Amino acid sequence: MADLKKIGLYSVLSLSTFSLFSEYFLAISVLYITIVLVLIVYSVKNIMVQKALSNAIGVTLLMACYLIINDDILLSNEFSFYLSIVNDNLGYLTKFTVCFFSALVFFIISDSLQEQMLTSFEYLLILLLAVLGLMLLCSSNDLLTAYLAIELTSLSSYLLASFRNTSSYSVEAGVKYFITGAISSALFLLGSSLIYACSGSIFFSDFWDLFSYPGTYHFSWIDEKAHYVSVITEFHPRFATDKTFEDADPRLLAETLYYMVQEQTTDIPWYVAFVHDLLDKANMSDSYVPTVSLLSIDKDSFKLIEVGMVLILFSIFIKLSLAPFHLWSLDVYEGSPTTSTLFFAVMTKLSLFVFLIRFSYSALYSFNDERQFYFLSIAILSVFVGSFGGLKQRKLKTLLAYSSVSHMGYCLLALSGVTLFGIRILLFYLLVYMMSSISTWFTILLLRLKQSLSTSKYSKELGDIALLGKSNAALALGLSITMFSIAGLPPLIGFVSKIGVFLVLLKEKFYFICSLAILCSVVSTFYYIRIVKVLYFENLLVGKLYYPIKTNKTIILSAVIFFLLFLFVNPSFLFLILYNIVFDSLY
Amino acid sequence: MYSNLLFNIFSTFLLISALLVILASNPVFSLLFLVASFLFASFILLLLECELLALLFITIYVGAIAILFLFAVMLLEFKASNLRSNVIRYLPVGIVFGLVLTSFFFFEIIKFFPEAGFELNIYQNNYINWYDLIDSTTENEALGHVLYSYFVLQFLVAGLILLVVLFGIVYLTNKFNVVKPGAQVMFKQLSKNISLK
């Protein structure tokens, strides 16, 4: 029983042992902004506050970043709020990234809200609450806090997708997103209840203690004669002294070990397991070291926990828009207002992957053999669908939605290798993805056609950016650099992140999957390079007419493209930060 | 003694209300008896010392689901006479089908409740939980102890979720500045001064 002064309402009111200062600050700022803006907007007629408010919220998020940097308690590697919140380097860096990129998003959208007719202040407030949900998800340590944070972000996203209630496309996108998200939340809750039924607790640290004996990991191939016990004993022979098992086929190895050990033991139930050299953090080699040891859970519980885990994984896959759960994202990205789509594409992915990392590597690490199957099959299907689906698309937003599906497939491929190197590559890939996505969507947001029909549905098409190289050479250059980086061509940073994903797969000896992923990456290069072709080499006489662009926010675009272009020269400072995260956290 | 009596009373009324849901002629009467059956189920749960579930029944079943049915009945205007027209014609076949389909069900359920041989008087229950007379905690109180101490952060986040929904609902369902173009603003018209010259 924890001291009531350290947990509970006392700690929230007196701020003792309270480690969520940035979220607290953002929540109180939401309430304050609500009160102030309601008093302003509904008393003065026809006042439009969205530009000033968006810039102000951007500054607020930068202040939250400052709070995160200066908070000493964040790096204490302890739990707060009775094991619900973990303060480690992973949560710290991802919270900072989410806050910083959200600040950029708010600065970016401030000028374009008026032309999209989203001038009500509720839009920005709901967006800020969605960012708060993302931040809370980064540091959550139990299923309940994760569910509440996911729900906060998702509910805000449903409203953001349907915000333009005079356009039927927007309302349709909102309804589709709502129904899909509700199903995903239901699956999450069912999986959590099954895991709770087998374990009695919702905290990831308890799952680590209960379901994996340190040093032993479960292997899915079992013989019918093997029994399970629920008592952990000290029986731990290691067979790797004089033989090297590095290149051996795991199944052959398990069979050999089984018959070796069966002759020696008669009554003690045992099980062949494999140790990945993960816990030997000083030695970063990832070779298999087989160990015979006892399990800590029984067979029926194991299968039920696996069902629960799979349901939670499917819920997260739906939210991340991975194939075959990606169909909602195509229509939602197309129908929502462009600023909402910018938020969905850029911001929501990182926190969900942080939750997935904590769930797969800290909580249920011993289920790796089962989980690898789901990760690999869904990831390679996403890469395939994302690459081949975008080939025939002419609508810009749906094209970028397919591209986002394939990117999430690559991220999941990085996560499916059960090594720490995989986590580092995943976080690096997500960082590069967020930068290139911000650049792409900001460019799309800036380009507005000057057309006479303002009543018809205006969806951005490939033809809208035709011959931009002639009318705005700098913007076209920025967009083409971003497209080359997303496609993964050297010498841009997207190449480094894609190579990292393939390296992770090769380490695990998944040669077929790696070659499939590379081939699909080549196929997807088509629709990225087609954008560059349309920008410069379209066979038209004249291009389109655009509204003029204000230049005060394009400095953000210039900075992002600068990073995309020149991070290839020296990406090591990013690697150092990510190495630090993965080394220290994940008890 | 009283708990058994109350249990029997509430169970009887629950059965009667549930039966009257399908037998009532007016759909609004069916709804009323549905609400009554939810209420009696909630009372039985209170007798079983599940206070949270009882209150949740009232909040969710009566407060959300019955209101949903009420809106459906309101929007789709049922003609009460059509529902009760042909009962006598379908009654024999209905009784046969009902008995055939539900009797197997009841025969299986009855097997779950074997008779206790030593029971003296089923109308008088002599079980007293002595500890509960001295120091008892209701379920709500225990939940409150845990909810506001260990899970206060989750409680506040749930409040923020409700706030988001409030913002969205107020924006999406309200029309602001509803002056139709060309409509007459009464105040402006009446404040115009006309001079007849």
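This is a short tour of a predicted model, stop by stop.

**Stop 1: confidence in chain A**

Colour chain A by pLDDT. Its mean pLDDT is 82, and 81% of its residues reach 70 or more. Now select residues 214–248 of chain A. Here the pLDDT is below 50. Beyond near neighbours in sequence, this stretch has 88 contacts in the model. Next, select residues 264–295 of chain A. The pLDDT is below 50 there too, and the stretch has 99 contacts beyond near neighbours in sequence. Where pLDDT is low, the predicted coordinates should not be read in detail.

**Stop 2: a pair of helices**

Hide the rest and show helix H13 (residues 368–389) and helix H19 (residues 511–536), both in chain A. Two packed helices are described by the angle between their axes and the distance between the axes. For H13(A) and H19(A), the angle is about 25 degrees and the axes are 8 Å apart. Angles under 35 degrees count as roughly parallel, so H13(A) and H19(A) are roughly parallel to each other. The crossing of H13(A) past H19(A) is left-handed.

Which residues make the contact? From H13(A), pick out A:Leu376, A:Ile380 and A:Phe384, among others. From H19(A), the residues include A:Leu516, A:Cys520 and A:Tyr527. By class, the contact holds 11 nonpolar residues, 4 polar ones and no charged ones.

**Stop 3: two cis peptide bonds**

Zoom in on A:Ala323 and A:Pro324. The peptide bond between them is cis, with omega near 0 degrees. A:Pro324 sits in the loop between helix H10 (299–320) and helix H11 (327–335) of chain A.

Move along to A:Pro490 and A:Pro491. The bond from A:Pro490 to A:Pro491 is cis, with omega near 0 degrees. Look for A:Pro491 in the loop between helix H17 (473–487) and helix H18 (493–507) of chain A.

**Stop 4: two residues with positive phi**

Select A:Leu467. Its phi is positive, about 55 degrees, although A:Leu467 is not a glycine. A:Leu467 lies in the loop between helix H15 (420–446) and helix H16 (468–471) of chain A. Is A:Leu467 buried or exposed? Its relative accessible area is 4%. Buried means under 20%, so A:Leu467 is buried.

Finally, switch to chain B and select B:Glu49. B:Glu49 is not a glycine either, yet its phi is positive, about 65 degrees. You will find B:Glu49 in the loop between helix H2 (27–47) and helix H3 (51–75) of chain B. Its relative accessibility is 53%. Exposed means over 50%, so B:Glu49 counts as exposed.

How values were computed
Residues numbered from 1 in each chain as written. Chains lettered and ligands numbered in written order. Predicted model: local features only at pLDDT ≥ 70, side-chain atom pairs only at ≥ 80, totals over all residues. Heavy atoms only, no water. Helix = DSSP H or I, 4+ residues; strand = E, 2+ residues; numbered from the N terminus. Buried < 20%, exposed > 50% of the residue type's maximum accessible area, 1.4 Å probe, protein only. pLDDT = per-residue confidence, 0-100. Contact = heavy atoms within 4.5 Å. Axes fitted to C-alpha atoms, helices over the stretch in contact; angles between N-to-C directions. Parallel < 35°, antiparallel > 145°, perpendicular 65-115°, else oblique. Left-handed = near helix turned anticlockwise from the far one by under 90°. Nonpolar A, V, L, I, M, F, W, Y, C, P; charged D, E, K, R; others polar.
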